[in-house]
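Morning, everyone. I'll take one structure today. Have a look first, then we'll walk through it.

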Amino acid sequence: MESTEKLTDTNAILAYLYETFPLCFIAEGETKPLKIGLFQDLAERLADDSKVSKTQLRIALRRYTSSWRYLKGVKAGAQRIDLDGNPCGELEQEHIDHAQATLKESQDRAKAKRAEKAAKSEGQAPKATKKPVKKNPPKRKPAAAPKAVNLTPAVLNELKPNQRVNVKLGKAPVKGVILDIKKQDVQVQLDSGLTVKVRVEHILL
């Protein structure tokens, strides 16, 4: 028992037409212009065929006749054919002009779409692919070397409270004010606000 399932995919219907009417519908290579009113013949011939509906046949036929392959075949000297491949008269110039104009319009549209797609994909390229232009950072002037200050170690009996002194902390001496002196220990408040207690040998004048 044959399947009565209808074909709904346009490509499947076209494949069915290539198989059923190979002298009319050409699957590959150059096609031939179809007879005017061929749809009516097709509908009548397939009236008892449950696989295809008239609506789907019309869509498939439109797809076939609007393809670039078909439009290229509509040219001077070409003969129209019926479902069995029999010639049905030459093309009129008006139909040739219309087919060539439709072909050019379709090709231009496809070309514009390709160009737009290419431009879009170029614009979406990851930024990492573009080499960043390295800007030369402004040259900073080297910091002026601190002026050398000749400091001498303090003598305990020369120190007194509220005296400005330098305390040897780390590499560079830090300025501060003496708060208190107890024997060899000197309490100094640094200019940073920190209070330290150091031995007299760490005090410089």
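Start with the buried residues of H5: Ile96, Ala99, Leu103 and Ser106. Buried here is under 20% relative accessible area with a 1.4 Å probe, protein chains only. Helices are DSSP runs of H or I, at least four residues, and strands are runs of E, at least two, numbered from the N terminus.

A word on the source. This is a predicted model, where local features need pLDDT of at least 70, side-chain atom pairs count only at pLDDT 80 or more, and totals for chains, interfaces and linings use all residues. Residues are numbered from 1 along each chain, and side-chain values use heavy atoms, without hydrogens or water.

An α-helix has 3.6 residues a turn, so residues three or four places apart point the same way. What do the buried residues of H5 pack against? They pack against H4. H5 itself has 31 residues and reaches 45 Å from first C-alpha to last.

Now the largest pocket. A pocket is an open set of points on a 1 Å grid over the protein atoms alone, with protein on both sides within 12 Å along at least five of seven lines; lining residues have an atom within 4 Å of a point. Its lining has 19 residues, with Thr65, Tyr70, Val74, Arg80 and His98 nearest the centre. Helices H2 (38-45), H3 (54-65), H4 (68-73) and H5 (93-123) each give two or more residues. H5 gives the largest share, 4 residues.

Last, the hairpin. S1 and S2 form it, with 5 residues between them. Gly85 in the turn has a positive phi of about 85°.

Technical notes: On a 1 Å grid over the protein atoms alone, a cavity is a set of points where a 1.4 Å probe fits but cannot get out, and a pocket is an open set with protein on both sides within 12 Å along at least five of seven lines; lining residues have an atom within 4 Å of a point. The expected span of a helix is 1.5 Å times one less than its number of residues. Buried means under 20% relative accessible area, exposed over 50%, partly exposed in between (1.4 Å probe, protein chains only). Contact means heavy atoms within 4.5 Å. Two strands pair if DSSP finds at least two bridges between them.
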